[in-house]
Amino acid sequence: LRVVSSVEREADKRRVFDVLYATVWGGGSAGHHGVTEPSEVTALLSDAGFDGPALVALATTDASKARVRDQTNAALANGVFGVPTMLVEGELFWGVDALGHAERRLRGEDPIDGVDLSQWADLPAQAHRRRS
């Protein structure tokens, strides 16, 4: 998180994220077996054409640590509770299965735009749990 948040340009930030994501969640990449050590992160970034040592050094600064803390606190204040979560126009989309819905919203193709949802607000419960 600190390495990605330290990258200035959005295009570069995306590339750094993709490199690290592929290794952590995508089963690794050739010659790399994880990202548990700074040296492994450095090698991954260097192999992708970045200045790996400089980015890893930047990620260890107090400013970088504070930025991630601030970003985490802002996410929590917005109701984020898991990964992946995206906030799109004030609405949270959580989980991989919601990414397509977020994409439709971003394209202006939200199927519930303009739908009056209040019609369902006062429906009676259809099931009741017995308490013993």
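1. Ala-127 is exposed, with a relative accessible area of 63%; the cut-offs are under 20% relative accessible area for buried, over 50% for exposed and partly exposed in between, using a 1.4 Å probe and protein chains only. From Ala-127 to Pro-38 there are 89 residues in sequence and 53 Å in space, C-alpha to C-alpha.

2. Housekeeping before going on. This is a predicted model, so local features need pLDDT of at least 70 and side-chain atom pairs count only at pLDDT 80 or more, while totals for chains, interfaces and linings use all residues. Residues are numbered from 1 along each chain as its sequence is written, and side-chain values use heavy atoms, with hydrogens and water left out.

3. Now the core. The largest nonpolar core has 12 residues: Val-3, Val-4, Val-7, Val-16, Leu-20, Val-41, Leu-44, Leu-45, Phe-50, Leu-55, Val-56 and Ala-59. Two or more of these come from each of α1 (2–6), α2 (10–24), α3 (38–47) and α4 (52–59). By nonpolar core I mean a set of buried Ala, Val, Leu, Ile, Met, Phe, Trp, Tyr and Cys residues joined through side-chain atoms within 4.5 Å. As background, nonpolar side chains tend to be buried together in soluble globular proteins.

4. Leu-45 belongs to helix α3 and is buried, at 0% relative accessible area. Setting aside neighbours within four places in sequence, Leu-45 is in contact (heavy atoms within 4.5 Å) with Val-3, Val-16, Phe-50, Gly-52, Leu-55 and Val-56. Lys-65, 20 residues away in sequence, is 19 Å from Leu-45, C-alpha to C-alpha.

5. What does Leu-55 touch, not counting residues up to four places away in sequence? The partners are Val-3, Val-7, Val-16, Leu-45 and Phe-50.

6. Val-56, in helix α4, is buried with a relative accessible area of 12%. Beyond its neighbours within four places in sequence, Val-56 is in contact with Pro-38, Val-41, Thr-42 and Leu-45. Gly-100 is 44 residues from Val-56 along the chain, and their C-alpha atoms are separated by 33 Å.

7. On to helix packing. α3 and α4 pack at about 135°, their axes 8 Å apart; axes are lines fitted to C-alpha atoms, for helices over the stretch in contact, and angles run from 0 to 180 degrees between N-to-C directions. α3 and α4 are therefore oblique to each other, given that angles under 35 degrees count as roughly parallel, over 145 as roughly antiparallel, 65 to 115 as roughly perpendicular and the rest as oblique.

8. Which residues of α3 and α4 make the contact? From α3 there are Pro-38, Val-41, Thr-42, Leu-45 and Ser-46, and from α4 Gly-52, Pro-53, Leu-55 and Val-56. By class, the contact of α3 with α4 has six nonpolar, three polar and no charged residues. Here Ala, Val, Leu, Ile, Met, Phe, Trp, Tyr, Cys and Pro count as nonpolar, Asp, Glu, Lys and Arg as charged, and the others, Gly among them, as polar.

9. α2 and α3 cross at roughly 125°, their axes coming within 10 Å, which makes α2 oblique to α3. This crossing, of α2 past α3, is right-handed. Val-16, Val-19, Leu-20 and Thr-23 in α2 meet Val-41, Leu-44 and Leu-45 in α3. The contact of α2 with α3 divides into six nonpolar, one polar and no charged residues.

10. Asp-12, in helix α2, counts as buried at 18% relative accessibility; not counting residues up to four places away in sequence, Asp-12 touches Val-7 and Phe-50. Arg-105, in helix α6 (residues 99–106), is buried too, with a relative accessible area of 13%. Leaving aside neighbours within four places in sequence, Arg-105 is in contact with Val-88, Glu-89, Glu-91, Phe-93 and Asp-110.

11. Last, check the backbone at Glu-89: phi is positive, about 50°, although Glu-89 is not a glycine. Glu-89 is in the loop between β1 (85–88) and β2 (91–94), and counts as exposed at 61% relative accessibility.

Terms used
Helices (H or I, at least four residues) and strands (E, at least two) are DSSP runs, numbered from the N terminus. A crossing is left-handed if the near helix is turned anticlockwise from the far one by less than a right angle, and right-handed if clockwise.
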